[in-house]
Amino acid sequence: MLSKWQWTLRQFTRKLWVRASLFALLAVISALAAAVIGPFVPYELSTSIGADAVDDILKILASSMLAVTTFSLSVMVTHYGSVTSNVTPRATRLLLQDTTAQNALGTFIGSFLFSLVGIIALSTGAYGDRGRVILFAVTVLVVLLIVLTMLRWIDHLSSLGRIEEPTELVENATRSALTARGRSPTLGARPLGDVPRDAVPVYQDRVGYIQHLDLASLADLTDNHAVDVYINAPPGRFVHPRFPLAWVKGEPDADIGGAIAKAFSINDLRTYDSDPRFGLAVLAEIASRALSPGINDPGTAIDIIGRAVRVLAEWHACAEAAEDGEQLSSRIWMARLETDDLFEDIFTPIARDGAAFVEVQIRLQKAFAALAEIGGPAFADSARHQSEMALERSEAGLSLEEEKARVRAVALAAKY
């Protein structure tokens, strides 16, 4: 589990402008460094290398990289708009964190600034003959970097516009969060049971979602103040000023409540990192959007059902292999993920919006049967409950008796 400052740093470095700014800064430093290193270049080397061509190369880079950057930005904006309209707005946040796109834009912007600074420095005579050699060598390396980046960018552009691309990003983010919770079901705390009646609630003054929980700082607090903390708001929970973040038992100091509240990072939006239920909800949104009358794409919903089975099976495998994970403190309690909640997040919207699609209902019933076999008793009750609800919806949504009978037969054949 990341500490609060590590989590904040990760969120900061994922922003598009941060990586582009770093590339641009490196490019400016590289262009100016040639003037500093130039005097150390042997004079004979400066006369044997045709560094005079660097002027023309930099002019070509300056004009072409500006056009390439503008084109790439327009492509990305168009793609984000398409994903927002046809997939789900929640997936665009993952697209904005795409390292391939960030590296490409950073390289293009950095190359443009490198050439621009180089042209300005050349016009002032800052380099001299020997400095031109260094600038020429760096320019050749920049051209090679541009070629490699453009080849990778072209390959990446070929995947834009496919619904599988944002769907895969959401699936991978959900899998990462679920497997992390599978390996450490309570994130280093003890499993939550009944909260003592004499425990004191801890409140805060914001309305939003818990994005991160710094359990390491909570562990230090509980050890230093000899108190027990029962967490009521794990990552992903919606909180408000009258919702207790946690309960404290012991003899807490007057400021302990504020210190505990600082361990909870609250913001307006949910995140994928430590909130696996959000990832499942977004997958369900993609399926529901595909089943809407305007899109009418049951194939995508069927694909989402398969992805849901895959990530839930991997979560179960991690949970079986792990015990309780590393325990940060014996004085902190937190609830585990509930199987019913996970099944509800992903399957209920699909069963509701796909009630009139026989192929979707059949695939749902097969998915419930598969999960019951994979998870055994841990999944059986949740799978049976979802199967019964989906069957009721199909009975109400399907118009042909033959289609109802097909769904009913698949549901009855399952062993829960």
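**A walk through the predicted model**

Helix α1, residues 4-13, gives the largest share of the nonpolar patch, namely 3 residues; helices here are DSSP runs of H or I with at least four residues, strands are runs of E with at least two, and both are numbered from the N terminus. This is a predicted model, in which local features need pLDDT of at least 70 and side-chain atom pairs count only at pLDDT 80 or more, while totals for chains, interfaces and linings use all residues. Residues are numbered from 1 along each chain as its sequence is written, and side-chain values use heavy atoms, with hydrogens and water left out.

The patch on the surface is formed by Trp5, Leu9, Phe12 and Trp17, which together have about 490 Å² of accessible area, a value from the Shrake-Rupley method with a 1.4 Å probe, where for residues only the protein chains shown count as cover.

Elsewhere, 3 strands form an open antiparallel sheet in the order β5-β3-β7, and its edge strands, β5 (238-239) and β7 (264-267), each pair on one side only. Pairing requires at least two bridges found by DSSP, and strand β3 (residues 208-213) pairs with β5 over 2 bridges, with Tyr209 standing opposite Phe238 in β5.

In the whole protein there are 16 helices and 8 strands, and the C-alpha atoms fill a box of roughly 85 × 65 × 35 Å along the principal axes.

Definitions and conventions:
Patch = residues over 30% accessible without salt bridge, like charges linked within 9 Å, V, L, I, M, F, W, Y side chains within 5 Å. Salt bridge = Lys/Arg side-chain N within 4 Å of Asp/Glu carboxyl O.
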